[in-house]
Amino acid sequence: MAALRESFSPLFKEANNILNLFSYTGAFSLMGLKQKASVTSVDLSKTYMNWLYENIELNNFNKDQHQAKVMNCEKAIKEFLDKGQSFDLIICDPPSTFTDGKKRANALTFYQKNLISLLKILSKNGKAVIVLNTYSISWKKFKSTLLELLKNSSEFKIDSEVHLSNDC
């Protein structure tokens, strides 16, 4: 994770408000809070969200700059869309397989269903970090899926690719 955090660091410095989907214990949320950004973390697990709050306190970050949503990420995206809320930086790091509270899902299916909606809550000139944490899907398949999803959208494109370092 250290190599990924380092490569994403410039994005955090440019963002005033950050959305961390599938936040888990909040490593990316903490990066945003360290930069004094307003951060919204979304995870289905109240246990992990409580762990994130402990991490915020341990690091002496301003908890008033953080909003937690313990809910399904797909529903959160729809809620942000309905409210017209936008973010300068969105981190979406779903586990390879997960539950939405009712049924099992996988990261690729999540992107197929939600990528365009997720990108619509980006502010103008905003950036999204779209992560796939599985070796069962090749980078080529993941990229071709993203490009297929983006083919009808002239406003969104893949800026850069980050691959795991040799130490991972």
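A: Lys151 is a simple place to start: this residue is exposed, because its relative accessible area is 55%, and the cut-off for exposed is over 50%. This is a predicted model, and every value below is computed from it. The partner of Lys151 is Glu148, and the two side chains meet in a salt bridge with N and O 2.7 Å apart. Glu148 has a relative accessibility of 47%, so Glu148 counts as partly exposed. The general idea behind such pairs is that side chains of opposite charge can pair when their charged atoms come close.

That pair is not alone. Searching the whole structure gives 5 salt bridges. Another of them joins Glu79 and Lys83, whose closest N and O atoms are 3.6 Å apart. Glu79 is partly exposed, at 22% relative accessibility, while Lys83, with a relative accessible area of 58%, is exposed.

Now follow helix 4 to another charged residue, Glu74. Its side chain meets that of Lys113 in a salt bridge, with a distance of 3.4 Å from N to O. This pair joins distant parts of the chain: Glu74 belongs to helix 4 (residues 73-83) and Lys113 to helix 5 (residues 107-120), and the two are 39 residues apart. Glu74 is buried, because its relative accessible area is 17%, and buried means under 20%.

The next step is to see how the two helices lie against each other. Two packed helices are described by the angle between their axes and the distance between the axes. For helix 4 and helix 5 the angle is about 25 degrees, and the axes are 9 Å apart. The two helices are therefore roughly parallel, as angles under 35 degrees count that way. The crossing of helix 4 with helix 5 is left-handed. On the helix 4 side, the contact is made by Cys73, Glu74, Ile77 and Leu81, and on the helix 5 side by Phe110, Lys113, Asn114, Ser117, Leu118 and Lys120. Sorted by type, the residues of this contact are 5 nonpolar, 2 polar and 3 charged. The salt-bridge partners Glu74 and Lys113 are both in the list of contact residues.

Helix 2 (residues 27-34) packs with helix 3 (residues 46-58) at an angle of about 35 degrees, with a distance of 10 Å between the axes. Helix 2 and helix 3 cross in a right-handed way. Ser29, Leu30 and Leu33 of helix 2 form the contact with Leu52, Asn55 and Ile56 of helix 3. Here the contact residues divide into 4 nonpolar and 2 polar, with no charged residue.

Asn125 lies in strand 7 (residues 122-130), and at 69% relative accessibility Asn125 counts as exposed. Between the C-alpha atoms of Asn125 and Glu155 there is a separation of 9.9 Å, although these residues are 30 residues apart along the chain.

How values were computed
Residues numbered from 1 in each chain as written. Predicted model: local features only at pLDDT ≥ 70, side-chain atom pairs only at ≥ 80, totals over all residues. Heavy atoms only, no water. Salt bridge = Lys/Arg side-chain N within 4 Å of Asp/Glu carboxyl O. Helix = DSSP H or I, 4+ residues; strand = E, 2+ residues; numbered from the N terminus. Buried < 20%, exposed > 50% of the residue type's maximum accessible area, 1.4 Å probe, protein only. Axes fitted to C-alpha atoms, helices over the stretch in contact; angles between N-to-C directions. Parallel < 35°, antiparallel > 145°, perpendicular 65-115°, else oblique. Left-handed = near helix turned anticlockwise from the far one by under 90°. Contact = heavy atoms within 4.5 Å. Nonpolar A, V, L, I, M, F, W, Y, C, P; charged D, E, K, R; others polar.
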